[in-house]
Amino acid sequence: MSNKEKITYEDAINRLEEIVNILEKNEISLDESMKLFEEGTALTSYCSNKLKEAEQKITELTKE
């Protein structure tokens, strides 16, 4: 996902939910499934990084 840095964590989670719902229906082609899987993987990485950043910030704030 090329614009992942411009979306919010919440938007990324919502898109991940959409992707899961689409993939669970099993009504799309293999190529489309692979594209969605790739997008989902990128979104998962983005969300994981956002959570790590938030955790680090909380850790820094609680040390003060």
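Asn-49 lies in helix H2. Asn-49 is partly exposed, with a relative accessible area of 39%. The model described here is predicted. Along the sequence, Asn-49 and Tyr-9 are 40 residues apart, but in space their C-alpha atoms are 9.8 Å apart.

**Helix H2**

- Ser-33 is also placed in helix H2, which covers residues 30-63.
- The relative accessibility of Ser-33 is 17%, and buried means under 20%, so Ser-33 counts as buried.
- Apart from neighbours within four places in sequence, Ser-33 is in contact with Leu-23 and Ile-28.

**Helix H1: length**

- Helix H1 runs over residues 9-25, which makes 17 residues.
- At 1.5 Å a residue, helix H1 should span 24 Å.

- Ala-12, Leu-16 and Ile-19 are buried residues of H1.
- These three cover an arc of only 60° around the axis, and therefore they sit on the same side of H1.
- An α-helix has 3.6 residues a turn, so residues three or four places apart point the same way.
- The buried residues of H1 pack against H2.
- Glu-10, Glu-24 and Lys-25 are exposed, on the other side of H1.

**After helix H1**

- Asn-26 follows H1, and its phi is positive, near 55°.

Notes. Residues numbered from 1 in each chain as written. Predicted model: local features only at pLDDT ≥ 70, side-chain atom pairs only at ≥ 80, totals over all residues. Heavy atoms only, no water. Helix = DSSP H or I, 4+ residues; strand = E, 2+ residues; numbered from the N terminus. Buried < 20%, exposed > 50% of the residue type's maximum accessible area, 1.4 Å probe, protein only. Contact = heavy atoms within 4.5 Å. Expected span 1.5 Å × (residues − 1). Arc of directions from axis to C-beta.
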